[in-house]
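Good morning, and thank you for the time on today's agenda.

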Amino acid sequence: RSAFDISSQLGADRALNLLVDPQGSVIAGNVPAWPKELKEDGVWARFSFANPSGGVTDAEGISMALRDGSRVLVARDWADHRAIHGNSLAAFAATLLFTVGVTLLLGLWIDRLLVARVGDFAHTADAVVAGRLEARVPVANSRDELSHLARTINAMLDRIQFLMTGLRAITDSLAHDLRTPLTRLTAHLENAKETRSDAERQAALQDAHAEAERLRSTFETLTDI
């Protein structure tokens, strides 16, 4: 009765139990004979036995000695453990596949995002190389490193555009300043060429020399810039 009580407390439909007398004869239970693998009471052990259907049942059980010298065995069909093990492996495999799938999708998404962001940098650089100094890198609202880099590059392009605009204004002014003395120099040389008076020719050459000095000074200024 003790064996059946313990077995019923397990609440399993594949519970195994066996009660033998002090001589080892079977009194009750659904295990045909005392397993030779159970050599020590109170210790769980695995064993196998031939079941009525002609197959072999793998089980795990624990034994204990009763006061009258009889022994009781309470065991459980190892198929339950194999099923649990199989289900655990299946669950682990499904979880692993799901994790790998999500990781791959996330990796592809991040890769495409990075490629798109890097493409923005490349397009802006191409535009600046083509002479469109007003081109800027699109800046996202996020505070990641790429957004910080985009803001830094845009600030650099703002500075470059400001300097280029100033340089363009200076060169336009210098071109205007050069055009006038060149025109006067040409006129003085023409006068020196056409006049017949030595005094007038000398005066024209002096004026041409003065204009040439102004041109030299302007060129030196341009060189300094």
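**Salt bridges and their surroundings**

I begin with a charged pair: glutamate 213 and arginine 216 form a salt bridge in which the closest N and O atoms are 2.7 Å apart. Both residues belong to helix α4, which covers residues 198-224, and they sit 3 residues apart, about one turn of the helix. Glutamate 213 has a relative accessible area of 33%, so this residue is partly exposed. Arginine 216 is also partly exposed, because its relative accessible area is 42%. The pair belongs to a network of salt bridges that links Glu213, Arg216 and Glu220.

Before I continue, please note that this is a predicted model. The average pLDDT of the protein chain is 80, and 91% of the residues score at least 70. Residues 6-12 stay under 50 in pLDDT, and for this stretch the model has 6 contacts beyond four places in sequence. Where pLDDT is low, the predicted coordinates should not be read in detail.

How many salt bridges does a search of the whole structure find? The search finds 4. One of them joins aspartate 41 to arginine 71, with the closest N and O atoms 2.7 Å apart. This pair links distant parts of the chain, 30 residues apart: aspartate 41 is in the loop between β2 (26-29) and β3 (45-50), while arginine 71 is in strand β5, residues 71-77. Aspartate 41 is partly exposed at a relative accessible area of 33%, and arginine 71 is partly exposed at 23%.

Aspartate 41 has a further partner. Its side chain makes a polar contact of 2.7 Å with the side chain of serine 63, a residue of strand β4, which spans residues 56-65. Is serine 63 buried or exposed? Serine 63 counts as buried, because its relative accessibility is 2%, and the cut-off for buried is under 20%. Beyond four places in sequence, serine 63 touches several residues, among them Trp34, Leu38, Asp41, Arg71 and Val72.

I turn next to another salt bridge, between aspartate 158 and arginine 136, whose closest N and O atoms are 2.6 Å apart. Here too the pair links distant parts of the chain, with aspartate 158 in helix α3 and arginine 136 in the loop between α2 and α3, 22 residues apart. Aspartate 158 is partly exposed, with a relative accessible area of 42%, and arginine 136 is partly exposed, with 24%.

Helix α3, residues 145-194, also holds serine 147. At 0% relative accessibility, serine 147 counts as buried. What does the side chain of serine 147 make a polar contact with? The partner is the side chain of arginine 117, at 3.2 Å. Leaving aside neighbours within four places in sequence, the contacts of serine 147 are Arg117, Val139, Ala140 and Ser142.

Leu106, Trp109, Ile110, Leu113 and Leu114 make a nonpolar surface patch of about 480 Å². Isoleucine 110, one of these residues, lies in helix α2, which runs over residues 78-129. Its relative accessibility is 37%, so isoleucine 110 counts as partly exposed.

Thank you for your attention.

Terms used. Residues are numbered from 1 along each chain as its sequence is written. Side-chain values use heavy atoms; hydrogens and water are left out. Helices (H or I, at least four residues) and strands (E, at least two) are DSSP runs, numbered from the N terminus. Buried means under 20% relative accessible area, exposed over 50%, partly exposed in between (1.4 Å probe, protein chains only). A polar contact is a pair of N or O atoms within 3.5 Å; within protein, one must be able to donate a hydrogen and the other to accept it, and residues adjacent in sequence count only if both atoms are side-chain atoms. Contact means heavy atoms within 4.5 Å. pLDDT is the predictor's confidence in each residue, from 0 to 100. Patches are made of residues with over 30% relative accessible area and no salt bridge: like charges are joined within 9 Å, nonpolar side chains (Val, Leu, Ile, Met, Phe, Trp, Tyr) within 5 Å. Accessible areas come from the Shrake-Rupley method with a 1.4 Å probe; for residues, only the protein chains shown count as cover. A salt bridge is a side-chain nitrogen of Lys or Arg within 4 Å of a carboxyl oxygen of Asp or Glu.
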